[in-house]
Amino acid sequence: MVSLDAIDAVNHPPHYQSNIECIDAMEAMAEGCDIPSHQAYCWQNCFKYLWRWPYKNGVEDLKKARWYLDRLIQRIEEDSLG
């Protein structure tokens with residue numbers, strides 16, 4: 001068992017452990033993307049909750065991901081109406 005002293009909840013939280021940090025993946029996926037800032041925020045939050053759901057809050061994180069995805073879709077549809 002890992003001691004609490006060995007867990008770095010700020011820099012490397014256990015719910016984001018893998019060979020790739022979630023924040024690095026989010027940065028890479030948005031690189032060169034030209035979308036409005038709020039849409040990018042919703043997109044990245046959705047991704048974050050999908051990334052961590054099996055390690056942190058389970059279905060609650062999936063519902064949060066869906067909430068951000070629904071908001072992203074709403075904003076895209078509103079922007080397309082002009």
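Accessible areas come from the Shrake-Rupley method with a 1.4 Å probe. The views below show a predicted model.

View 1. The secondary structure comes to 3 helices and 0 strands, and from the N terminus on the elements run α-α-α. The protein exposes about 6200 Å², and carbon and sulfur atoms supply 56% of this area. Of the 82 residues, 23% count as buried. Among contacts with a separation of 6 or more, 46% are between residues 24 or more positions apart.

**View 2. Helix α1 has a buried side and an exposed face.** Helix α1 covers residues 22-30, and C22, A25 and M26 in this helix are buried. These residues lie on the same side of α1 because they cover an arc of only 100 degrees around the axis. The face turned away from this buried side carries the exposed residues I23, E27 and A28. What covers the buried residues of α1 includes α2. After the helix comes G32, with a positive phi near 80 degrees.

View 3. Helix α3 has 23 residues. From its first C-alpha to its last, α3 reaches 33 Å, close to the 33 Å expected at 1.5 Å a residue. D61, A65, Y68 and L72 are buried in α3, and the buried residues of this helix pack against α2, which covers residues 37-52. An α-helix has 3.6 residues a turn, so residues three or four places apart point the same way. G82 follows α3 and has a positive phi, near 90 degrees.

View 4. The protein has 3 salt bridges by the rule used here. In this one, the side chains of D61 and R52 meet with a distance of 2.9 Å from N to O. D61 has a relative accessibility of 0%, so D61 counts as buried. R52 has a relative accessible area of 7% and is therefore buried too. The cut-off that matters here is that buried means under 20% relative accessible area.

View 5. The closest N and O atoms of K64 and E60 are 3.2 Å apart. K64 and E60 are separated by about one helical turn, because they are 4 residues apart in helix α3. K64 is partly exposed, with a relative accessible area of 29%. E60 also counts as partly exposed, at 43% relative accessibility.

View 6. The side chains of R75 and E78 meet in a salt bridge of 3.5 Å, N to O. Both residues lie in helix α3, 3 residues apart, which is about one turn of the helix. E78 has a relative accessible area of 38%, so E78 is partly exposed.

**View 7. Four side chains make a nonpolar surface patch.** L50, W53, V59 and L62 make this patch, which has an area of about 340 Å². One of these residues, L62, lies in helix α3, residues 59-81. L62 counts as partly exposed because its relative accessibility is 30%.

Terms used: Residues numbered from 1 in each chain as written. Predicted model: local features only at pLDDT ≥ 70, side-chain atom pairs only at ≥ 80, totals over all residues. Heavy atoms only, no water. Patch = residues over 30% accessible without salt bridge, like charges linked within 9 Å, V, L, I, M, F, W, Y side chains within 5 Å. Helix = DSSP H or I, 4+ residues; strand = E, 2+ residues; numbered from the N terminus. Buried < 20%, exposed > 50% of the residue type's maximum accessible area, 1.4 Å probe, protein only. Expected span 1.5 Å × (residues − 1). Contact = heavy atoms within 4.5 Å. Arc of directions from axis to C-beta.
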